[in-house]
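Let's take a walk through this structure together. Keep the viewer open and follow along.

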Amino acid sequence: MRVFSGIRPTGELHIGNYLGSVYQWIKLQDLHECFFGIMDYHAITTPFEPEKMEKNILDTLIVYLAAGLNPKKCTIFVQSHVKEHIELAWILGTITPLGELKRMTQFKEKAKKHPEYVNAGLLNYPLLMASDILLYKTDLVPVGKDQIQHVELTREIARRFNKMFGVVFKEPKVLLSEGEKIMSLQNPKKKMSKTDDPKGCILLFDEPEEIEKKIMRAVTDLGKEIKYDPVKKPGISNLLKIYSIFSEKSIKELEEKYKGKGYEQFKRDLTKLLIKKLEVFRKKKKELEKREVYLKEILKKGAEKAEKVAKLTMKEVREKMGLEI
Ligand code: TYM
């Protein structure tokens with residue numbers, strides 16, 4: 001099976017990005033043919049700093065490598081290096097009704113957040129994402145919960161194209177992980193997001209002191225019982241979920257372990273665990289930051305591999321549409 005996923009290089013990635021997506025990619029690279037992109041053309045739909053883009057792209061690659069992706073087992077590349085992504089996105093735009101793009105939740109949320117920056121690229125974001133996925137005839141898309149709607153639209157677009165011009169695309173399925181929606185530590189009713197709420201966010205490159213500060217200040221709930229109940233105890237339930245995935249212990253086991261102990265002890269242990277588990281990211285960053293040539297070589301080879309597949313699909317698309325002369 002083919003797998004495709006990606007992350008926008010918007011600066012520092014957080015544990016929500018990691019647990020919701022990259023974490024589950026690691027197992028997939030041993031089972032399937034995987035493509036993992038660094039989605040720079042998606043990152044420019046919201047305000048960004050051009051002078052930081054290259055660093056952000058390389059930092060995203062460092063996260064992929066620190067998490068355990070192996071460029072020999074999967075294809076890692078930068079979206080803009082494979083021009084077919086844009087070419088197919090244009091074509092998909094010509095068969096997608098405007099209304100379908102306007103009703104996307106992410107578009108509405110981002111447009112509200114940056115009213116001065118509602119560009120056509122933001123509206124067309126799902127077309128480019130559909131193109132990313134369909135170009136590789138993807139079967140599985142491992143992403144967080146917030147991306148389900150975009151993958152559903154991708155399925156709809158694939159069906160429509162196949163019906164109008166003949167079968168080229170597969171209808172991809174979403175693959176969710178346990179960490180499908182990690183909430184903000186400051187507002188556990190909202191998803192963890194660097195841009196919305198930096199203090200509620202643990203970054204993968206955070207130093208131990210920052211991790212400690214953020215966990216110890218994380219919002220908890222009334223009472224002092226360590227119990228998983230996302231409705232009544234959203235704060236502690238979110239922390240329990242993070243603890244459970246990083247420790248590979250079930251939530252039940254953790255509830256048992258912390259019976260009769262207070263939030264303070266629980267938070268201290270979670271802090272210790274996160275400092276240890278995120279050490280690999282801090283270490284790899286220090287080690288790989290200086291090896292720019294090596295990092296760029298991975299991206300170059302990745303783009304070459306991705307381009308081969310993308311070109312074949314584009315040829316089929318153009319033939320079906322009568323554009324290959
Ligand atoms: P991005 O960069 O916003 O998010 C990257 C991944 O992280 C997941 N995620 C979360 N998961 C759990 N809890 C959270 N709080 C949390 N915040 C973010 C997202 O669901 C995503 O999986 N549009 C995509 C990038 C993309 C893409 C693609 C993905 C572009 N083309 C094609 C798959 C296939 C995005 O939102 O990235």
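**Starting at the ligand**

Asn17 puts a polar side-chain atom 3.2 Å from an oxygen atom of the ligand, which is a polar contact in the sense used here (a pair of N or O atoms within 3.5 Å; within protein, one must be able to donate a hydrogen and the other to accept it, and residues adjacent in sequence count only if both atoms are side-chain atoms). Before going further, keep in mind that this is a predicted model, where local features need pLDDT of at least 70, side-chain atom pairs count only at pLDDT 80 or more, and totals for chains, interfaces and linings use all residues. Residues are numbered from 1 along each chain as its sequence is written, and side-chain values use heavy atoms, with hydrogens and water left out.

Gly16 brings a backbone N or O atom to 3.1 Å from a ligand nitrogen, while Asp132 has a polar side-chain atom 2.6 Å from a nitrogen of the ligand. In total, 27 residues surround the ligand, and the closest are Tyr125, Asp132, Asp146, Gln147 and Ile182.

Now zoom out to the whole chain. It is divided into domain 1 (2-181 + 292-321) and domain 2 (198-287), with bounds that come from an automatic or database domain assignment. The C-alpha centres of domain 1 and domain 2 are 30 Å apart. Where they meet, 16 residues of domain 1 are in contact with 16 residues of domain 2, contact meaning heavy atoms within 4.5 Å.

What about the inside? In soluble globular proteins, nonpolar side chains tend to be buried together. A nonpolar core here is a set of buried Ala, Val, Leu, Ile, Met, Phe, Trp, Tyr and Cys residues joined through side-chain atoms within 4.5 Å, and buried means under 20% relative accessible area, with exposed over 50% and partly exposed in between (1.4 Å probe, protein chains only). The largest nonpolar core has 63 residues, of which Tyr18, Tyr64, Phe246 and Phe281 touch the most other members. Helix α3 (residues 50-67) supplies the largest share of this core, 10 residues. At least three residues of this core come from each of domain 1 and domain 2. Take Phe281: leaving aside neighbours within four places in sequence, Phe281 is in contact with Tyr18, Val63, Ala66, Ala67, Leu204 and Phe205. There is also a second, separate core of 38 residues, with Val82, Leu101, Ala111 and Met129 among them.

A few single residues are worth a click. Val143 sits in the loop between β4 and α8, and counts as buried because its relative accessibility is 7%. Beyond its neighbours within four places in sequence, Val143 is in contact with residues including Ser5, Gly20, Gln24 and Leu176.

For a contrast in setting, go to Thr220, in the loop between α9 (208-216) and α10 (234-247). Thr220 counts as partly exposed because its relative accessibility is 26%. Its contacts, neighbours within four places in sequence aside, are Ile236, Leu239, Tyr263 and Lys267.

Finish with the backbone. Most residues other than glycine have a negative phi, and most peptide bonds are trans. Lys137, in the loop between α7 and β4 (140-142), has a positive phi near 50°. Glu248 has a positive phi too, of about 60°, and lies in the loop between α10 and α11 (251-257). With 65% relative accessibility, Glu248 counts as exposed.

Methods
Helices (H or I, at least four residues) and strands (E, at least two) are DSSP runs, numbered from the N terminus. A residue is near a molecule or strand if one of its heavy atoms lies within 4 Å of it.
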